[in-house]
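Here's a quick briefing to read alongside the model.

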Amino acid sequence: MEFKIANKAKTLTTVLMIVGVVFTIIGVALNVGGHHFGTRFLVSSLANSYFFFLLGLGALFFLALNYATESGWYASIKRVIEGVAGWLPWGIAFMILVLIAISAMDGAHIYIWMDSAYTTEGSAHYDPIIDGKSAYLNLLFFWIRTLVYMAIYYLFWIGFRKRSLEEDKVGGTELHFKNYRRGALFLVFFAVFSSTSAWDWIMSIDVHWFSTLFGWYTFSGMWVSTMVVLILLIIHLKKHGYLPRVNENHIHDLGKWTFAISFLWSYLWFSQFMLIWYANIPEETTYFINRIENFQILYFTMFVINFAFPMLILMSRDAKRNTGILTFVGLIILAGHWVDAYLMVAGGSLGANACIGFVEIGMAILLAGLFIRVVLTNLTKAPLTPVNHPFLDESIHHEF
Amino acid sequence: MADKVIYAMYDDDDVLKDGAKSLVSKGVKVSEVFSPFPIHGIDPIIGVKNTRLGIMAFIYGLTGLTLATVGMQYFMIIDWPMNIGGKPNFTYLENILAFIPITFEFTVLCAAHGMAITYLLRNKTLPGMPADNPDPRTTDDKFVMELRTSENANFSADELTKMVKDTGIVEIDEKVI
């Protein structure tokens with residue numbers, strides 16, 4: 001069945017984008033000229049671009065994961081995953097724009113290692129720790145890495161999409177096995193790059209601090225946000241009569257993913273926190289001291305919400321099959337993970353000067369509107385059910 | 001009246017499922033299915049009630065949580081306060097982060113063992129107990145459906161046998177208990 005964007009959805013996304021722009025302009029007008037405003041604007045841009053970029057990347061990862069594991073159940077929702085992954089070029093564009101702006105401003109107090117004042121010996125701001133990391137953290141190598149990650153993600157996405165549409169026409173298993181190999185290859189790349197890219201883009205903001213666990217932590221946050229977006233999108237499509245072959249068992253599976261990955265995220269958050277708290281080494285505790293001093297309530301509320309909501313509410317089987325409960329929990333933990341992404345960026349750069357106001361919310365609304373619009377437009381470009389997927393029949397009969 | 005038991009053997013779980021569906025739709029009560037692995041979707045067809053194992057898992061988990069908390073509170077705070085890494089050793093709450101991994105592990109341990117033992121007890125499959133499946137091949141690659149005349153008062157044994165034979169069986173066996 002061909003998907004058409006309802007006029008209501010068109011109006012809604014347009015309104016969201018306009019509200020986002022208006023909020024952002026109000027925020028700029030209220031604060032422009034303020035001492036930290038340039039940094040605050042870029043922090044908000046980076047946090048929002050990163051959060052939404054990860055939604056697309058998470059969908060690409062989930063697609064590759066299902067190819068590599070040859071899952072059967074997901075075949076009838078494959079096009080929805082592709083629709084979200086189709087946001088990736090936009091996400092990449094926003095990330096690169098923001099990173100260019102930050103680089104042009106010598107790091108804009110976000111990536112302070114970009115500022116040569118910290119790495120020039122004899123300068124008033126000279127910082128031997130940052131200088132010691134400059135073999136890895138320097139502008140040229142940072143951009144090489146960024147462009148390589150983005151190019152590889154983009155190429156994988158183009159390839160998956162092309163083969164998926166071709167499979168609709170030719171059928172057979174040759175493309176399926178090619179997808180299987182490419183999916184496995186993507187996972188190998190992603191296993192390394194999901195960590196290193198999180199170090200480059202996010203962890204280097206707290207430039208003195210390091211944690212080998214950080215990549216997995218951002219990765220699990222990304223994964224759970226993507227699963228929530230997929231659930232919300234599928235519930236929306238089903239409500240409007242699309243996806244007739246997606247039954248409550250598929251929704252249940254997505255609910256289980258959300259439940260499980262929420263635990264993974266909480267587990268990683270807690271592992272990072274507890275080990276640093278226990279060892280109590282000054283160079284490691286800086287990250288949490290900063291968050292506790294400046295965002296104590298927000299930071300821990302965010303953790304409790306992202307952990308307790310899915311655990312307590314989604315534990316039972318019936319809850320994972322109830323679209324109302326899933327929507328409620330999904331929206332709340334999506335907001336929770338947005339706060340998480342914001343605090344990752346704002347904590348190390350703005351610190352005490354950070355606040356969530358018109359600019360931050362406005363940009364989030366703007367990107368949300370654009371994201372929904374792009375994803376829905378992607379859905380119109382291909383049949384909602386991949387007709388020749390070899391596991392389609394298994395997916396239709398999926399039950400347990 | 002003697003209870004006649006009919007054992008119908010299948011070599012495919014989907015055939016068995018379709019067979020059970022058609023029998024149940026004619027009003028036949030299927031009393032049991034033996035299978036080497038869980039057949040998804042068979043429970044609602046033959047009318048097996050939802051398991052209560054989840055409730056027991058919660059209770060076992062809660063027991064583990066309580067035991068771990070009470071135990072550590074006694075060992076580490078009351079009986080012999082230990083100074084580990086300079087962490088406050090006179091309150092449980094301020095040290096709670098250090099106790100969470102153990103609490104978690106003990107909760108899982110109690111829940112998992114409790115569930116496994118309950119499951120084995122309830123199914124009468126503790127090690128050493130006599131097996132009650134009708135044919136050893138149901139632990140390998142065959143599936144057996146069991147019908148009892150005592151539960152199907154509306155049908156005679158011959159009628160049941162005839163209906164079962166239409167569902168794609170590979171073998172049939174009868175036994176009088």
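Let's start with the sheet in chain B: strand β1 (residues 4-10) of chain B is joined to β3(B) by 6 bridges, and the two run antiparallel. Keep in mind that this is a predicted model, where local features need pLDDT of at least 70, side-chain atom pairs count only at pLDDT 80 or more, and totals for chains, interfaces and linings use all residues. As for labels, residues are numbered from 1 along each chain as its sequence is written, while chains are lettered from A and ligands numbered from 1 in the order in which they are written. Helices (H or I, at least four residues) and strands (E, at least two) are DSSP runs, numbered from the N terminus.

**The sheet in chain B**

- Four partners line up here: 4 strands of chain B form an open sheet in the order β2-β3-β1-β4, with antiparallel pairing (two strands pair if DSSP finds at least two bridges between them).
- At the edges sit β2 and β4 (171-176) of chain B, each pairing on one side only.
- From one strand to the next, the twist averages 20° (axes are lines fitted to C-alpha atoms, for helices over the stretch in contact, and angles run from 0 to 180 degrees between N-to-C directions).

**A helix pair in chain A**

- Helix α2 (residues 37-68) and helix α6 (residues 139-170) of chain A have axes that come within 11 Å and cross at roughly 55°.
- That angle makes α2(A) oblique to α6(A), as angles under 35 degrees count as roughly parallel, over 145 as roughly antiparallel, 65 to 115 as roughly perpendicular and the rest as oblique.
- Where they meet, α2(A) brings Leu57(A), Leu60(A) and Leu63(A), while α6(A) brings Tyr153(A), Phe156(A), Trp157(A) and Phe160(A).
- The residues of this contact are 7 nonpolar, no polar and no charged (Ala, Val, Leu, Ile, Met, Phe, Trp, Tyr, Cys and Pro count as nonpolar, Asp, Glu, Lys and Arg as charged, and the others, Gly among them, as polar).

**Where the chains meet**

- Chain B puts 7 residues into the contact and chain A puts in 6 residues.
- On the chain B side that touches chain A, the residues divide into 3 nonpolar, 4 polar and no charged.

- His109(A), in the loop between α4 (88-104) and α5 (128-132) of chain A, has a positive phi near 65°.
- His109(A) is buried, with 22 other C-beta atoms within 10 Å (buried means 20 or more, exposed 12 or fewer, partly exposed in between, with C-beta atoms placed from the backbone).
- Lys124(B) has a positive phi of about 55° and lies in the loop between α4 (96-122) and β3 (143-148) of chain B.
- Lys124(B) counts as exposed, with 10 C-beta neighbours inside 10 Å.

Conventions
Contact = placed C-beta atoms within 7 Å.
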